[in-house]
Amino acid sequence: MHVMCKKLHSYPVLAFSCINGSVDRGIAIKEGKMSKFKWVKKNPNLTEEQKRALYKPPFKMTKRCKALMKQIICFSTENGSVARMLAAWVKSTEPRRADWLSVLRELEKLNHPLYFEVTEHAFTEESFEANIRDYTKIIHLYATENKLQEAENALIAMKNKGFLCDQVTLTALLHMYSKAGNLKLVEDTIEEMKLLGVPLDKRSYGSIIMAYIRAGMLASADSILREMEAQEIFAGREVYKALLRAHSMLGDSQGAQRVFDAIQLARIIPDAKVCGLLINAYVTSGQTREARIAFDNMRRSGLEPNDKCVGLVLSGYERENKLKEALDLLIELERNGVIIGKEASDLLAKWFRRLGVVEEVEHVLRDFAVKTPQPIL
């Protein structure tokens with residue numbers, strides 16, 4: 001089965017209830033009870049895009065596939081259901097697996113809203129000859145679309161067919177459960193992977209860490225990170241950044257520093273935003289001196305501080321009422337050609353206004369404020 005790489009239309013998808021039941025083919029449409037589907041010969045109410053798709057099918061597509069594509073593109077509920085249309089096509093043309101795959105690829109290419117429904121029906125037909133990889137791909141597709149119930153139904157259907165979960169399937173489920181914030185299902189999936197001897201890879205570990213972050217269990221997330229490092233497996237940049245942000249927002253400077261060190265151990269070069277999260281952790285915890293050290297280390301590494309980083313250090317000095325240190329920092333930045341942005345300028349203006357020092361405010365605005373037609377005072 002061919003699975004889409006791009007995002008499909010957000011149309012309702014079917015459940016795999018028909019596969020999980022006793023019916024083996026045709027969405028429970030028995031041959032003796034199947035009402036006739038009105039086979040469309042011509043539909044004048046087509047858009048130009050539909051007409052181009054209809055009359056310019058792939059050159060190598062078989063006639064039976066071209067016939068079905070025409071029915072799908074011209075489909076209307078007035079003519080019957082999708083299930084009856086497909087059942088009628090199967091009965092009249094006796095397609096092979098290659099035909100199903102050809103149609104599904106074309107529907108994917110067109111980003112057609114009936115892709116999901118046609119795909120699910122294919123699983124009910126013996127001619128599709130569904131294998132474990134087909135189930136894995138549809139589960140992955142549902143996971144990408146955050147269709148939790150549909151993915152679980154597909155998983156049950158796969159197991160009912162006697163297929164065992166493999167690493168690809170379990171990793172897709174793990175990622176989906178993590179994204180949905182369902183920590184219990186994440187932990188259950190981990191246990192299943194361990195029982196089956198399925199190794200955890202970079203993506204699996206990342207999903208576990210994100211699940212713990214969403215649950216507010218940062219100690220557990222840190223523990224998984226250490227487990228990864230012991231195996232020389234490194235998470236993706238966004239996972240590290242999410243964990244660093246979580247520690248930073250709590251003012252956990254030690255945790256933030258550990259994650260920051262782990263980022264460098266993973267050979268990921270920190271940018272100004274990552275450095276800002278570390279600085280924020282120190283400022284939030286009242287460690288302005290350490291925040292300034294982190295700020296200076298960032299500059300020594302060749303990174304130009306953004307407005308957020310400058311504002312964070314200045315906010316730390318404001319809390320401790322260290323006016324001299326703040327002005328020294330501004331003078332140093334001026335000498336190095338660093339322009340103070342709006343956030344830092346607004347903070348300085350409020351600080352000086354509170355102190356009632358008008359001349360200092362005017363000096364800061366003249367030398368450091370962002371060029372704007374509206375004065376801060």
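Predicted model: local features only at pLDDT ≥ 70, side-chain atom pairs only at ≥ 80, totals over all residues.
Start with the whole chain. The protein chain has 20 helices and zero strands. Of its 377 residues, 47% count as buried. Looking at contacts with a separation of 6 or more, 69% of them come from residues 24 or more positions apart.

Now for the helix pairs. Two packed helices are described by the angle between their axes and the distance between the axes. For helix 3 (residues 63–73) and helix 4 (residues 82–93), the axes come within 11 Å and cross at roughly 160°. That angle makes helix 3 roughly antiparallel to helix 4, the cut-off for this label being over 145 degrees. The crossing of helix 3 past helix 4 is right-handed. On the helix 3 side, the contact is made by Arg64, Leu68, Gln71 and Ile72, and helix 4 brings in Met85, Leu86, Trp89 and Thr93. Sorted by class, this contact has five nonpolar, two polar and one charged residues.

Leu218, Ala221, Asp222 and Leu225 of helix 12 meet Tyr240, Leu243, Ala246 and His247 of helix 13. The residues of this contact split into six nonpolar, one polar and one charged.

Two single residues are worth a look as well. Thr124 sits in helix 6 (residues 115–124). With a relative accessibility of 3%, Thr124 counts as buried, because buried means under 20%. A polar atom of the Thr124 side chain lies 2.6 Å from the backbone oxygen of His121.

Ser127 is found in the loop between helix 6 and helix 7 (132–144). Its relative accessibility is 18%, so Ser127 also counts as buried. Setting aside neighbours within four places in sequence, Ser127 is in contact with Pro95, Arg96, Arg97 and Trp100. Take Arg96: it is 31 residues away from Ser127 along the chain, yet their C-alpha atoms are separated by 5.4 Å. With Trp100, the link runs from side chain to side chain, as a polar contact of 2.9 Å.

Note on methods:
Residues numbered from 1 in each chain as written. Heavy atoms only, no water. Axes fitted to C-alpha atoms, helices over the stretch in contact; angles between N-to-C directions. Helix = DSSP H or I, 4+ residues; strand = E, 2+ residues; numbered from the N terminus. Parallel < 35°, antiparallel > 145°, perpendicular 65-115°, else oblique. Left-handed = near helix turned anticlockwise from the far one by under 90°. Contact = heavy atoms within 4.5 Å. Nonpolar A, V, L, I, M, F, W, Y, C, P; charged D, E, K, R; others polar. Buried < 20%, exposed > 50% of the residue type's maximum accessible area, 1.4 Å probe, protein only. Polar contact = N/O pair within 3.5 Å; in protein donor to acceptor, adjacent residues only side chain to side chain.
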